[in-house]
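Open the model in your viewer and keep the selection tool at hand. The tour goes from one stop to the next, and each stop says what to select.

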Amino acid sequence: MLFGMEPTDYTRLQTITKEFTPYNTLWTIVHRWYSDIDQWMDNPFNSIDANAAAKFVEESIRSIVSANRYFKDKAMNQIVAIGEKVRG
């Protein structure tokens, strides 16, 4: 007890954060894809950082696979289907 007050229980916040993370992951990947695709398509080919692009794709696929596990557990089949399509 600090300052005469009971400590706050943050377990619900931890649960909400854990449940929000897969959605945030997908939104972040899509946002980055749309910003990067403009650069990839509009700039000269030799100006593209191939290593950075490859790293982004690899990290995105890993993140999508991880998020898809969550959506499978929640039986969100439409989202799972999109993740499977993106993964190839």
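Helices here are DSSP runs of H or I with at least four residues, numbered from the N terminus. The model is a predicted one.

**Stop 1**

Select Leu2, which sits in the segment before helix 1. With a relative accessibility of 59%, Leu2 counts as exposed, because the cut-off for exposed is over 50%.

**Stop 2: salt bridges**

How many salt bridges does the count come to? The count is three.

Select Asp36 and Arg32. Their closest N and O atoms are 3.1 Å apart, and the two residues form a salt bridge. Both belong to helix 1 (residues 11–42), where they are four residues apart, about one turn of the helix. Is Asp36 buried or exposed? Asp36 is buried, at 12% relative accessible area, while Arg32 is partly exposed at 36%.

Move on to Lys55 and Glu59 in helix 2 (residues 50–73), again a pair four residues apart, about one turn of the helix. This salt bridge has its closest N and O atoms 4.0 Å apart. Glu59 has a relative accessible area of 33% and is partly exposed.

Next, select Glu84 and Lys72, whose side chains meet in a salt bridge at 3.5 Å, N to O. This pair links distant parts of the chain, twelve residues apart: Glu84 is in helix 3 (residues 77–87) and Lys72 is in helix 2. Glu84 is partly exposed at 27%, and Lys72 is partly exposed at 49%.

**Stop 3: aromatic rings**

A search of the whole structure gives seven aromatic pairs. Select Tyr23 and Phe71, one of these pairs: it is edge-to-face, with 5.1 Å from centre to centre and 75 degrees between the planes. Tyr23 is in helix 1 and Phe71 in helix 2, so the pair ties together parts 48 residues apart in sequence. Phe71 is buried, with a relative accessible area of 0%; Tyr23, at 24%, is partly exposed.

Then select Trp40 and Phe56. The ring centres are 6.3 Å apart and the planes are at 55 degrees, so this pair is tilted. Trp40 belongs to helix 1 and Phe56 to helix 2, so parts 16 residues apart in sequence are tied together. Both Trp40 and Phe56 are buried.

To finish, select Phe20, Tyr23, Trp27, Tyr70 and Phe71, which form one aromatic cluster.

Conventions: Residues numbered from 1 in each chain as written. Predicted model: local features only at pLDDT ≥ 70, side-chain atom pairs only at ≥ 80, totals over all residues. Heavy atoms only, no water. Helix = DSSP H or I, 4+ residues; strand = E, 2+ residues; numbered from the N terminus. Buried < 20%, exposed > 50% of the residue type's maximum accessible area, 1.4 Å probe, protein only. Phe/Tyr/Trp six-rings, centres within 6.5 Å; stacked < 30°, edge-to-face > 60°.
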